[in-house]
Amino acid sequence: MKGPKKPEHEIYALKYAGPLTSSGAFLMWLMEWEKTETRNYYFWYIKGGMEPIVVDCGISPRMAKLRNVPGYIKPSDVLARIQIDPLSIKNVILTHFHWDHYSGIELFPNARFFIQEQEFNFWIKNPVAKKPPFARFTDDISSGYLASLEGTEKLILINKDKEIMPGIEVLFAPGHSPALQAVAVSTAQGTAILGSDAAAIFRNYKENWPSAITIDLVATLNTYDKLKKKASSIDLIFPGHDRRMLEEYPVIEEDITKLA
Ligand SMILES: [Zn+2]
């Protein structure tokens, strides 16, 4: 006999910024310099489980202004288009400590944040994270806020793979950052994975070729294998920035698509 059936969740991608255009080499590491390619900025919403979950928070208005982000809409305003009040969100999974994924934490003041302990320790406590190639990915105010939550129930530090709610499992997926976590989600189509920036675009997984922002190539390629083994299909592994997430899935509202 099988165990109790896992809840079937729905996954939505919410585009809050972009398109940004750059060399293709940004998305396909050291290849395609002569091509140009565009990317979008997203966060994700998971519905249908015990409680709604937001995966990543996007960029805060302050950082969007500071870095002049094109096409920016406050992530909480995008979420409001599907009648979700950001103040009602109690669970946020942060995949990693890059400014475009975590500086929007201030938009979800009532949430608790799930983060890999190793990711937290690197960005908050390791002096090398303050050096320029790493520091450009962070935001001191957001990091300071998360650091202030350590030891409280609002910060949940996770060690590697863990089912945090029925049908929602975080997966240790390093390579793009020291301890990025992907999110495996039970859906009507099987196990889908929000990989966030484990890969930037679908092609990274399909061609086993990472994006330019890779701090550990070996870890990245092992992460690809791990996520492909876990997902019910390679088409159910969603990357961080592929414009196809907006263009090729059913549109629910402006800038919002249903992935699974
Ligand atoms: Zn990133």
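Which residues coordinate the zinc ion? I opened the predicted model with that in mind. I found four: H96 through NE2, H98 through ND1, H176 through NE2 and D197 through OD. The distances run from 2.1 to 2.2 Å.

**Geometry.** I looked up the angles next. The four donor atoms around the zinc ion subtend 86 to 170°. The arrangement is therefore irregular. A tetrahedral call would need all angles between 85 and 135 degrees.

**Spacing.** I then followed the donors of the zinc ion along the chain. They read H-x1-H-x77-H-x20-D. H176 sits in the loop between β8 (168-172) and β9 (181-187). D197 sits in the loop between β10 (190-196) and α7 (202-207). So the pair ties together parts that are 21 residues apart in sequence.

**Burial.** Are H176 and D197 buried or exposed? I noted 5% relative accessibility for H176, so H176 counts as buried. D197 also has a relative accessible area of 5% and is buried. The cut-off for buried is under 20%.

**T220.** T220 belongs to helix α8, residues 217-230. Its relative accessibility is 3%, so T220 counts as buried. Where does a polar atom of the T220 side chain find the backbone oxygen of G175? I read a separation of 3.5 Å.

Conventions. Residues are numbered from 1 along each chain as its sequence is written. This is a predicted model: local features need pLDDT of at least 70, side-chain atom pairs count only at pLDDT 80 or more; totals for chains, interfaces and linings use all residues. Side-chain values use heavy atoms; hydrogens and water are left out. Helices (H or I, at least four residues) and strands (E, at least two) are DSSP runs, numbered from the N terminus. Buried means under 20% relative accessible area, exposed over 50%, partly exposed in between (1.4 Å probe, protein chains only). A polar contact is a pair of N or O atoms within 3.5 Å; within protein, one must be able to donate a hydrogen and the other to accept it, and residues adjacent in sequence count only if both atoms are side-chain atoms. Donors are N, O and S atoms within 2.8 Å of the metal (3.2 Å for Na, K and Ca); water is not among the atoms, so sites may look incomplete. Four donors count as tetrahedral if all angles lie between 85 and 135 degrees; four count as square planar and six as octahedral if opposite donors are over 155 degrees apart and all others between 65 and 115; anything else is irregular.
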